[in-house]
Amino acid sequence: MFITFNSFVQIALFLALVLALTKPLGLYMTRVFNGERTWLSPVFAPLERFLYRACGIDPAREQRWTGYVIAMLVFNLAGMLLLYGLERTQQWLPLNPQHLGPVEPQLAFNTAASFTTNTNWQNYAGEQTMSYLTQMVGLAYHNFISAATGMALAVALVRGLARHSAEHLGNFWVDLTRATLYILLPICLVGALVLVSQGVVQNFNPYTVVHTLDGGLQVIAQGPVASQEIIKELGTNGGGFFNANSAHPYENPTALTNLIEMLAIISIGAAMFYMFGRMVGDTRQGWALWAAAAILFVLGLAVALPAEQGGNPLLAHLGDNQQASALQPGGNMEGKEVRFGITDSVLFTVTTTATSCGAVNSFLDSYTPLGGLVPLANIALGEVIFGGVGSGLYGMLMFAILTVFIAGLMVGRTPEYLGKKIERKEVMMAALALLISPATVLGFAAVASVLPQGLASLTTNTGPHGLSEILYLYTSSNGNNGSAFAGLAGNTPFYNWTGALAMLIGRFAFLIPILAFGGSLVGKRVVPAGPGTFPTTGPLFVSLLVGVILIVGALTYFPAYALGPIVEHLLMLAGRTF
Amino acid sequence: MHLSLKSLLREYLRPALMLTLLLTILLGLLYPGVVTALAQLLFPYQANGSLRYADGRLVGSELIGQYWTSPKYFHGRPSATLSNDGSHVQPYNAENSGASNLGPTNKVLVQTVQQRIAELKRENPDAPPGPVPADLVTASGSGLDPDISIAAALYQVPRVAKARGLSQETVRQLVLSHVQGRFLGIFGEPHVNVLDLNLALDALKH
């Protein structure tokens, strides 16, 4: 066995902490989105009222699904244009002590699409490219609002399930504002300061110049990092202030910050499952989805952890001691940090790809083939393993609908979910939402792996690992994850354009059928549960749901994975290199 | 739904633009401003980069690894960071963090590790024979890893002791007294901060 006792303890405690946070945070979020008073209302309610007044928003007026979609699109477009403008003009703006020039147009477009869609794919090194102002006003701002957008849409969908014989799904402006003011901002204010106390930097200084003891010269990048770091995780965004992301000691200096960052990534997603149960009036509905997610989370760890702790057999031959002991973490340490070792690296990786975060504290391109397959598959399954803030819940609900539909087919009954009949239109929308992703990912990957423009970027790795890199790029872009097999040179016209397109499709072409689905459900009457109703709370439903997620994922992607990570694994065991 | 231009402006465009403007001010300027003010007030050492001084001279950051070459200092891990223009490897470039991104079956990875092992053995002739600690021959994720494993520090004890004319036992004890354990005994991995250890070594001779 390649799992240490300490690994077991760390993972068990981490999952226990996630479980402990789910209910209190879920209850709080329920109050926020139901428009009730919370203990933070004395502080934020006046600000909330001011925002509505200044923007001409009537908080009492709700929208149909179409209005909700238009508001979301117009708002996101405005933010995307603002970010593009900032990137292009940062050389004339303040808070740029390193005098960084304008971001190139294609890269600026890719980055604007990336941060608007909550992807945070980065074809640039932050400390070499973005001024402090662009980081704060451009990138960190999007970290807040793309997260709040995701949460708002998930809540709208839940209202579609919870309400009956109604028309409206809520008010986008209100849901967005309340998510920001009552959930994201307060947690970030506290979390950022805790991160600073551990060593995450927060300043506007020019880069520090050091003459080292050994006679060298070192220039150390600085910046307002902590305020951006915490929302990067909490909003499941993942775009690092620095190129090395959460592997950088100024972003993630200690085991404690690592734990806080992992909890920040996963907690809102997990709590949204509980909130869903609460809003539809049966918390067991939420816990069933939670249980399915937890099973898939542990499955991923069970594959990736032994693969990484086992190390790279090609290096073991050379006299590289990869045995874990009291004196060293051992395992496959290429691309990993000593303070995190194998366990904290793999746990972070599984967490960041189970959700749509994409922050990394170790570099996935250097993972063993099976260790790297897990993050790839996690994203491809739709990031429903607790998932991104909002996106995890609406993705998981699509799978739940598909599950009751399949169960309904088996017994020959019209399927129903939460008392609502799932008919042709709903199944079509759910299927559409679930098919857009593989079509985008596999389509783009197929094109990239035959075109010279696609293959030219395989500058670091070739062979089956090169295919894994291309698959990872589109899977991560389309899944709005943002983590990368970073050896692929992504900052080229071909990848900037196709990657941005995959991100926009993955976000908005997925959201629209989902809201249409919500809009169609909200008008339905509730049918009382009868003896033929398939219960969507027990172990049977949970196993069926896990099965559907895995089978849909496996049938779709297995052929591609067989040619990438799986064949690489077999060739590595046979001693082949490329 | 009546999608007249007027209703489009009133119901969507005005809220979208105004909310973008106001939230930009709140989240993009006020929030990081408040965090910076509080951080500078409460944790000035950490907020400014955990910078370390020796004899009044700035010698680096406790959190950012450095490129050590002299035999009398403990060395950190290999670093794959590039120069600012990306043209060549410049280890521990703290303006351009990053990893090697070499895949597990990449020829270059295997050759590089092989070279590093040979070099390590040449530099440490008195170290125990046999396989070397993995972290000493693999590049870190950030390229700025400030730490090494306990095994990696102990491996270098004979060389450092010899270069400084100290007994191996003295240096060994110094290493063991600089081990930072797991958080709460559970989270993370035990490690040794290289700058911390080297500063203590220099302090020893005074």
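Leu458(A) sits in the loop between α16 (452-455) and α17 (464-478) of chain A, where helices (H or I, at least four residues) and strands (E, at least two) are DSSP runs numbered from the N terminus. Welcome to a predicted model, in which local features need pLDDT of at least 70, side-chain atom pairs count only at pLDDT 80 or more, and totals for chains, interfaces and linings use all residues. Residues are numbered from 1 along each chain as its sequence is written, while chains are lettered from A and ligands numbered from 1 in the order in which they are written.

**Around Leu458(A)**
- Leu458(A) counts as partly exposed because 19 other C-beta atoms lie within 10 Å; a residue is buried with 20 or more such atoms within 10 Å of its own, exposed with 12 or fewer, and partly exposed in between, with C-beta atoms placed from the backbone.
- Leaving aside residues up to four places away in sequence, Leu458(A) touches Gly466(A), Glu469(A) and Leu488(A); contact here means that the C-beta atoms of two residues, placed from the backbone, lie within 7 Å.
- Ala489(A) is 31 residues away from Leu458(A) along the chain, and their C-alpha atoms are separated by 6.6 Å.

**Chain B as a whole**
- Chain B has six helices and six strands, and their order along the sequence is α-α-β-β-α-β-β-α-α-β-β-α.
- Its C-alpha trace spans about 85 × 45 × 35 Å along the principal axes.
- The radius of gyration of chain B is 25 Å, whereas a compact globule of 206 residues would have one near 17 Å; the radius is taken over C-alpha atoms, and the globule rule is 2.2 Å times the number of residues to the power 0.38.
- Of the 206 residues in chain B, 50% count as buried.

**Where chains A and B meet**
- Chain B brings 95 residues to the contact and chain A brings 109 residues.
- On the side of chain B that touches chain A, α1(B) gives the most, with 23 residues.
- Strand β3 (residues 320-321) of chain A runs parallel to β3(B), joined by two bridges; strands pair if DSSP finds at least two bridges between them.
- Within this pairing, Asp320(A) has Val132(B) in β3(B) as its bridge partner.
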